[in-house]
Amino acid sequence: MPYHHADQKNRVAKHTVFKQVAGDAIADRMEALSLEVRGMSDPQYAGLASTETLNAVAATLKATRRKIDQIFEHEGFATSPACDIVLELFEARSRSAPLSVPALCASINCASSTLIRWTNALELMQLVKVSSEGSDGSPANIALTEKGYLKTAQALQLHLHE
């Protein structure tokens with residue numbers, strides 16, 4: 001008799017879990033349909049993916065950022081101006097076009113004081129090199145080191161597989 005009682009409890013627990021999972025799936029589908037219906041009348045909601053899909057994208061983005069932080073061996077790197085700097089310098093390297101401090105500030109939309117502070121940190125990490133100011137007063141150029149190029153390439157590679 002006790003075995004029968006335990007078996008019945010187990011079935012009830014499984015049934016409850018199934019109901020919850022099925023309920024969650026139905027709720028997610030209803031939310032997706034709700035967004036679709038709203039999109040028909042409100043352009044703000046048009047084309048939005050379901051919350052389930054967007055949650056998966058958010059989780060992937062957060063995981064990728066953590067991996068980028070690991071590549072650059074600096075917590076918060078992926079969300080700092082430093083990340084924008086190395087990405088811009090990566091693109092500049094492929095164009096064989098050196099970037100000056102003012103040009104880099106303009107391209108990543110940051111103040112020169114912010115750029116200089118992060119550039120100093122990136123130099124200490126041996127990820128960028130800064131050429132000295134020209135004798136004609138031209139601004140210094142900033143470029144990725146080989147280490148900076150390889151780490152940026154590894155970080156970009158993550159986006160191909162996530």
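Arg93 is partly exposed, at 35% relative accessibility (buried means under 20% relative accessible area, exposed over 50%, partly exposed in between, with a 1.4 Å probe and protein chains only). The structure is a predicted model, in which local features need pLDDT of at least 70 and side-chain atom pairs count only at pLDDT 80 or more, while totals for chains, interfaces and linings use all residues. Residues are numbered from 1 along each chain as its sequence is written, and side-chain values use heavy atoms, with hydrogens and water left out.

Two salt bridges were counted, a salt bridge being a side-chain nitrogen of Lys or Arg within 4 Å of a carboxyl oxygen of Asp or Glu. One joins the side chains of Arg93 and Glu146, at 3.0 Å from N to O. Arg93 lies in helix 3 and Glu146 in helix 6, so this pair ties together parts 53 residues apart in sequence; helices are DSSP runs (H or I, at least four residues) numbered from the N terminus. Glu146 is partly exposed, with a relative accessible area of 45%.

Glu73 and Lys151 also form a salt bridge through their side chains (3.6 Å, N to O). Because Glu73 lies in the loop between helix 2 (51–72) and helix 3 (81–94) and Lys151 in helix 6 (residues 146–161), the pair ties together parts that are 78 residues apart in sequence. Glu73 is exposed at 65% relative accessibility, whereas Lys151 is buried at 12%.

Note on methods:
Helices (H or I, at least four residues) and strands (E, at least two) are DSSP runs, numbered from the N terminus.
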